[in-house]
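Welcome, and please open the model in your viewer. We will go from stop to stop, selecting a few residues each time and looking at what is there.

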Amino acid sequence: MKNKELIQRYIETVWNKQELNAIDEFISDEYQDHSFVSALPPNKEGLRIWIQNTSSAFKHHTKVESIVEEGDEVAVRISFHAKHIGTWRGISPTSREAMVKGFRFF
């Protein structure tokens with residue numbers, strides 16, 4: 001399986017379906033993510049907590065807009081659609097919807 005196919009499966013399985021037990025299939029024990037807030041450990045457990053927190057506060061779906069693989073590196077252009085359904089950082093649910101576009105690099 002190519003890396004870009006693996007990343008697409010990861011986004012669909014872990015983020016969109018919230019199958020958090022599948023994180024171990026995609027993420028190594030050496031994983032480090034330096035984009036987390038300081039309250040979260042920058043590792044696989046922090047990722048699990050981040051997804052749980054995000055999923056309890058937002059009904060969300062990540063769409064892969066485009067994906068490029070070069071060697072071992074994968075760049076993904078995504079759109080993240082969310083509806084605020086639970087408390088997020090002290091803010092009660094508003095039912096507002098938002099869409100954010102961005103990039104992720106693996």
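Before the first selection, one term: a polar contact is a pair of N or O atoms within 3.5 Å; within protein, one must be able to donate a hydrogen and the other to accept it, and residues adjacent in sequence count only if both atoms are side-chain atoms. This is a predicted model, in which local features need pLDDT of at least 70 and side-chain atom pairs count only at pLDDT 80 or more, while totals for chains, interfaces and linings use all residues. Residues are numbered from 1 along each chain as its sequence is written, and side-chain values use heavy atoms, with hydrogens and water left out.

**Stop 1: Lys-44**

Select Lys-44, which sits in helix H3. Helices (H or I, at least four residues) and strands (E, at least two) are DSSP runs, numbered from the N terminus. Now show Asp-29 as well: its side chain makes a polar contact with the side chain of Lys-44, at 2.7 Å.

Is Lys-44 buried or exposed? Lys-44 counts as buried because its relative accessible area is 12%; buried means under 20%, exposed over 50%, and partly exposed in between (1.4 Å probe, protein chains only).

Next, bring up the surroundings. Apart from neighbours within four places in sequence, Lys-44 is in contact (heavy atoms within 4.5 Å) with Ile-23, Asp-24, Ile-27, Ser-28, Asp-29 and Tyr-31.

**Stop 2: salt bridges**

Asp-24 is partly exposed, with a relative accessible area of 47%.

How many salt bridges does a search of the whole structure find? It finds six. For another one, select Glu-25 and Arg-9, whose side chains meet at 3.9 Å, N to O. Here Glu-25 lies in H2 (residues 23–26) and Arg-9 in helix H1 (residues 3–16), 16 residues apart. Glu-25 is exposed at 57% relative accessibility, whereas Arg-9 is partly exposed at 37%.

Then move to Asp-33 and Arg-104, where the side chains meet in a salt bridge of 3.5 Å, N to O. Asp-33 is in the loop between H2 and H3, and Arg-104 is in strand S3 (residues 97–105), 71 residues apart. Asp-33 is buried at 8% relative accessibility, while Arg-104 is partly exposed at 35%. To finish this stop, select Asp-24, Asp-29, Lys-44, Glu-45 and Arg-48 together: salt bridges that share partners join them into one network.

**Stop 3: along H3**

At the start of H3, a side-chain oxygen of Asn-43 comes within 3.1 Å of the backbone nitrogen of Glu-45. Among the buried residues of H3 are Gly-46, Leu-47, Arg-48 and Ile-51. The buried residues of this helix pack against H1, H2, strand S1 (58–70) and S2.

**Stop 4: the nonpolar core**

Which residues touch the most other members of the largest nonpolar core? Select Tyr-10, Val-14, Ile-23, Ile-27, Leu-47, Ile-51 and Val-76, out of 19 residues in that core. H1, H2, H3 and S2 each give two or more residues to this core, and the largest share, five residues, comes from H1. A nonpolar core is a set of buried Ala, Val, Leu, Ile, Met, Phe, Trp, Tyr and Cys residues joined through side-chain atoms within 4.5 Å. Zoom in on Tyr-10: not counting residues up to four places away in sequence, it touches Trp-15, Phe-26, Ile-27, Leu-47 and Phe-106.

**Stop 5: aromatic rings**

The structure holds six aromatic pairs. Select Phe-103 and Phe-105, a stacked pair with 6.4 Å between centres and 15° between the planes. Rings of Phe, Tyr and Trp (its six-membered ring) pair if their centres lie within 6.5 Å; planes under 30 degrees apart count as stacked, over 60 as edge-to-face and the rest as tilted. Phe-103 is exposed at 54% relative accessible area, and Phe-105 is exposed at 62%. Lastly, select Phe-36, Trp-50, Phe-58 and Trp-88, which form one aromatic cluster.

Key
Salt bridge = Lys/Arg side-chain N within 4 Å of Asp/Glu carboxyl O.
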